[in-house]
Amino acid sequence: MRKTNCKQIRRELDELMLGEAWSAVATEHLRECAECREFHVQQTKLRKIVGSLGTVEAPADFDFRLRARLAKDASSAPIYWRLVRGGMVAAAMAVVVLMGLVVVRDAMRQGENPGEVAQKPEVHQPVKPDQTPPAVREEKQSDNVVAAATPYTIRKIRPAQVDYKKRPLSSFAMSSTRASVLNGTEPAGMSTAFPIDSSVQPFTVSLEDGRGNAKTISVPTVSFGSQRIVQGGNQFAPKRDW
Amino acid sequence: MNFRTTYRVGFLIVALSICVVATAQTPAPAPKAPKPPAAPQVVTIIHRLNGLKMFRLLLRSEQVQSIDALDSAFNLMDDVHTNVIAGLAMDDGETIAAWLPEADVEFGPPVVAFPAAPRPPKSPRVFSLFDGPDVSVIGADGKQVPAKYIGLDAATGLSILRLENKNVVSAGVIKDEPVNSGDSVLLFGPEPVTKTRPVLARMGAIEGRVENVMLAPSGGIARFKVSAAKLSKANIGGVAVNQAGDTIGIIDGLEGNEASILPAALIKRAAQRVLERQASVPRPWLGVKGEAVAALKLDQIQNHGWEMTRAAALVGKHRGILLTSIVPGSPAERAELRAGDVILKVDDKDIQTADEFTWWLEQAGPSSSVEFTVVRPDRPVEWALNVKLSGMLDQWSRVNWRSRFPSMKGFWLIDQGIETIALKPLVALQLGTTPGLLVVYVDPVAAAFEAGLEPGDVIQTINGKPVSAFRTTPNSDLYTFEVVRKKQKRVVKVPAKKK
């Protein structure tokens, strides 16, 4: 019986919004059941942590635009482009196979001539980072050590030498900085996102309308356009009313 | 070929192949779409309402007589709501036109006598809790600049603002561009980027197509309609721009999937009207509801007392506006117009549609006299009737607000230019005051304003009696209000308004 109660109570707690009051039964149960109390505390903490994280939402028409783009990629590319693309893929595969063969051959030759490998450490002197500006440095290095440079050398020293800036990734959530614009149109100079100062929580008020009817209304902190925030509000320039 | 050379060649081949593969995977270039026009003249208006204005808004929405409970964080002075809407920067570099939905909390009594001169406050005193409209403007560069609310043009519903500094936002030339059915337009308006705090917004645009252009009886465009996907009330107030980037109108309503657009010429005229007066301009008010005969069926006309043959004759001629109701105390009632009457002409101009009727009344203006040609169900001939129109800012005067002050029967605080909401004890405790009538607005030209009554005051007694004690109008030339302001008791003596 207790188990069943716990299950039911935890389900109720699970469904409640953060800060929402629970039922009298739940209150009674929580008073007696330490496990459920602990469950509630942990759950509330978790919700608060999750709630404190910002959410990233896809634009309203994301799904539509994604589908449209997929459909476009599949069907709308010109036939010549598809042929060119197919040819390019084949050429790329051939080049990769060829390159593989060359690498295998080199590896075999390398095994035959170990003396060359032994010389490598002398050549691989890392260039001090503060010698020259990054862009110039790579050129100088290639001039100075042109005979000794190997891909290994370049790969090792590049991060230290070049002031490498992380590029924005294509998967960066643009939805957090841009609103949806239909048909992909993006008016030039109109895309700056700006913050709107607003109150922290919606304004909630209980009132009586003078006819004995009581009601509670909640007014959002921000509204866009001419969405009236209270029902039965004023109407400017009404039609058929002179 | 030694190992190093081979390796270098191999490296180049790898790089080349990566390039080839990447190129092959790149989708075909999309056909180039024409670049949409920039519209820097479209700005974003931020209109903030504090707790007191929110109460006034509730009072004007017919929803409230008393406040029973408030959320714990509520404070009269704090901003509780922010409206974000598009605005149009006019070509003088300082005037902004916008369709602010909550503009009615910013101006005085809805029914105004319409003198030629504006009504400046008698005193420069500024209320501490009601510092005037809190509006600001965000330009295309995202910078927020302060603006001053000048007034509402009630005929169009447009609010006119003035930037505190000239040319701080880009202004576009507003020409009276021709608009034709089938034209492509862009509807600009601010839209949310994030729903979580901090709220971010940006100017967005949707594409639309002009469906229908309604010409004004006196020439020019009266309205036009634009169809677009995903239209909602959030688009009202948006600015319509043509393919050349010129402003062609502002959305002032929605009818199904079509947006009704107020054309640029009427926007300019509205701005002129308000700027000339430096105050709100009422629309002409007759006090009737009705429908064009051409839009009605025969039985609908018969329901208003018309005999069948005469009703059929009216329908056949497609003329006139059938009045369906008359507002008590309105100019129409004073002129003895009745429900069922049909107005055929305004100043000798034939009326066929509701828009034509609206147009000619607006051309006449508030406080003007017009001559109607009228037919009546029980009167065989048409006759001429002179009617003196009055002016109205918004619909609030139509609300039977008197019934909302049962405890104040007969004593219409509203007649003294004072708008109030009753506070219940718990709410009063929360606000740090006592139960009574919370003053949410005082007309700056009323005697109460001069006497020092302020929004935020709580009226406890009038002439020594609790506000709830009144059942009849206190007969007095001077009303003594005992009020609580910032936890201090004060006495405000207000001379009665002369009838």
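This briefing describes the fold, cores, salt bridges and selected residues of the structure above. The model is predicted. Chain B contains nine helices and 28 strands, and 54% of its 499 residues are buried. Across all chains, 15 salt bridges are counted.

- Among the contacts in chain B with a separation of 6 or more, 65% involve residues 24 or more positions apart.
- The accessible surface of chain B is about 21,300 Å², and carbon and sulfur atoms contribute 53% of it.

**Nonpolar cores and a surface patch**

- In soluble globular proteins, nonpolar side chains tend to be buried together.
- The largest nonpolar core holds 68 residues, and the members that touch the most others are B:Leu187, B:Leu286, B:Leu337, B:Phe357 and B:Phe372.
- Helix H3 of chain B (residues 264-277) supplies the largest share of this core, with six residues.
- Beyond its neighbours within four places in sequence, B:Leu187 has contacts that include B:Ile206, B:Val226, B:Leu231, B:Val239, B:Ile251 and B:Ile261.
- A second, separate core comprises 27 residues, among them A:Phe203, A:Leu207, B:Leu57 and B:Ile421.

- Side chains of opposite charge can pair when their charged atoms come close.
- B:Asp68 and B:Lys424 form a salt bridge with an N to O distance of 3.1 Å. B:Asp68 is in strand S2 (residues 66-70) and B:Lys424 is in the loop between strand S23 (418-423) and helix H8 (425-430) of chain B, so the pair ties together parts 356 residues apart in sequence. B:Asp68 is partly exposed at 24% relative accessibility, as is B:Lys424 at 31%.
- B:Lys225 and B:Glu255 are joined by a salt bridge of 2.7 Å, N to O. B:Lys225 lies in strand S11 (residues 221-228) and B:Glu255 in strand S13 (residues 247-255) of chain B, so this bridge links parts 30 residues apart in sequence. B:Lys225 is buried at 16% relative accessibility, whereas B:Glu255 is partly exposed at 38%.
- B:Arg376 and B:Asp341 meet in a salt bridge of 2.8 Å, N to O. B:Arg376 is in strand S20 (residues 369-376) and B:Asp341 in the loop between helix H6 (331-334) and strand S18 (342-346) of chain B, so the pair connects parts 35 residues apart in sequence. Both B:Arg376 and B:Asp341 are buried.
- A network of salt bridges links B:Asp92, B:Glu94 and B:Arg162.

**A buried serine**

- B:Ser136 is located in strand S6 of chain B (residues 134-138) and is buried, with a relative accessible area of 5%.
- The side chain of B:Ser136 makes a polar contact of 2.9 Å with that of B:Gln144.
- B:Ser136 and B:Ala147 are 11 residues apart along the chain, and their C-alpha atoms are separated by 5.1 Å.
- Other residues that B:Ser136 touches include B:Thr44, B:Ile46, B:Arg48 and B:Val145.

**Positive phi values**

- Most residues other than glycine have a negative phi.
- B:His318 has a positive phi, near 55°. B:His318 sits in the loop between helix H5 (308-317) and strand S17 (321-326) of chain B and is partly exposed, at 42% relative accessibility.
- B:Asn463 also has a positive phi, near 50°. B:Asn463 occupies the loop between strand S25 (458-462) and strand S26 (465-466) of chain B and is partly exposed, with a relative accessible area of 31%.

Methods
Residues are numbered from 1 along each chain as its sequence is written. Chains are lettered from A and ligands numbered from 1 in the order in which they are written. This is a predicted model: local features need pLDDT of at least 70, side-chain atom pairs count only at pLDDT 80 or more; totals for chains, interfaces and linings use all residues. Side-chain values use heavy atoms; hydrogens and water are left out. Helices (H or I, at least four residues) and strands (E, at least two) are DSSP runs, numbered from the N terminus. Buried means under 20% relative accessible area, exposed over 50%, partly exposed in between (1.4 Å probe, protein chains only). Contact means heavy atoms within 4.5 Å. Accessible areas come from the Shrake-Rupley method with a 1.4 Å probe; for residues, only the protein chains shown count as cover. A nonpolar core is a set of buried Ala, Val, Leu, Ile, Met, Phe, Trp, Tyr and Cys residues joined through side-chain atoms within 4.5 Å. A polar contact is a pair of N or O atoms within 3.5 Å; within protein, one must be able to donate a hydrogen and the other to accept it, and residues adjacent in sequence count only if both atoms are side-chain atoms. A salt bridge is a side-chain nitrogen of Lys or Arg within 4 Å of a carboxyl oxygen of Asp or Glu.
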